[in-house]
Amino acid sequence: SLNTGRAVEVIKLAAEKSGWGKSLPAGQGMGFAFHFSHAGHIAEVAEVSVDANKKLTIHKVTVALDIGPIINMSGALKQIEGGVFDGISTMLDLEITLREGRVQQSNFHQYKNLRMKDASAIVEAHFIQSDNHPTGLGEPCFPPLAPAVCNAIFAATGHRIRTMPISKEGFSV
């Protein structure tokens with residue numbers, strides 16, 4: 001179950017490593033989200049900028065985790081990166097629509113995953129090595145991505161996002 005002590009520690013680590021509270025130029029913001037999933041405690045901070053045309057640049061996503069002991073660090077880092085970029089893709093432009101009970105998207109030309117040229121965010125991961133039982137890793141990094149980015153967009157623009165995917169509100173990368 002959720003352990004508030006572990007939650008506080010990942011929140012503090014994410015804030016520290018991201019430079020939370022630093023001064024940012026106009027049109028740039030930071031957003032925070034915490035998630036408890038698969039017995040893992042995850043905090044993410046997104047740093048973004050938004051131009052006048054609602055073009056979004058995700059500069060950095062700082063991820064702090066307590067998921068128990070890490071045995072394969074390179075594998076753990078790749079799972080985190082995959083979860084973050086999958087979260088960006090889903091938040092930005094992925095949607096399944098139905099008409100008369102049928103899915104309208106037939107292939108990837110209609111269900112556009114993030115392309116490598118648009119995946120420029122730096123993903124920085126920080127682990128709390130603990131003696132707690134090992135937990136899930138890739139999936140828990142996915143859910144806090146959208147709230148962290150949307151909070152950063154609000155900090156940068158004052159625009160509160162209420163719809164997913166955010167492309168419906170005119171945002172693009």
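Modeller: Helices (H or I, at least four residues) and strands (E, at least two) are DSSP runs, numbered from the N terminus. This is a predicted model, in which local features need pLDDT of at least 70, side-chain atom pairs count only at pLDDT 80 or more, and totals for chains, interfaces and linings use all residues. Residues are numbered from 1 along each chain as its sequence is written, and side-chain values use heavy atoms, without hydrogens and water.

Colleague: Which residues does the cis peptide bond join?

Modeller: The cis bond links methionine 164 to proline 165, with omega at about -5°. Proline 165 belongs to the segment after H3.

Colleague: Where is histidine 38 found?

Modeller: Histidine 38 sits in the loop between strand S1 (28–37) and strand S2 (40–50). Because its relative accessible area is 48%, histidine 38 is partly exposed (buried means under 20%, exposed over 50% and partly exposed in between, with a 1.4 Å probe and protein chains only).

Colleague: What about glutamate 100, then?

Modeller: Glutamate 100, which is not a glycine, has a positive phi of about 55°. Its loop runs between S4 and strand S5 (102–103). Glutamate 100 is exposed because its relative accessible area is 79%.

Colleague: Changing topic, why does leucine 98 count as exposed?

Modeller: Leucine 98 has 61% relative accessibility, so it counts as exposed. Strand S4 (residues 98–99) contains leucine 98.
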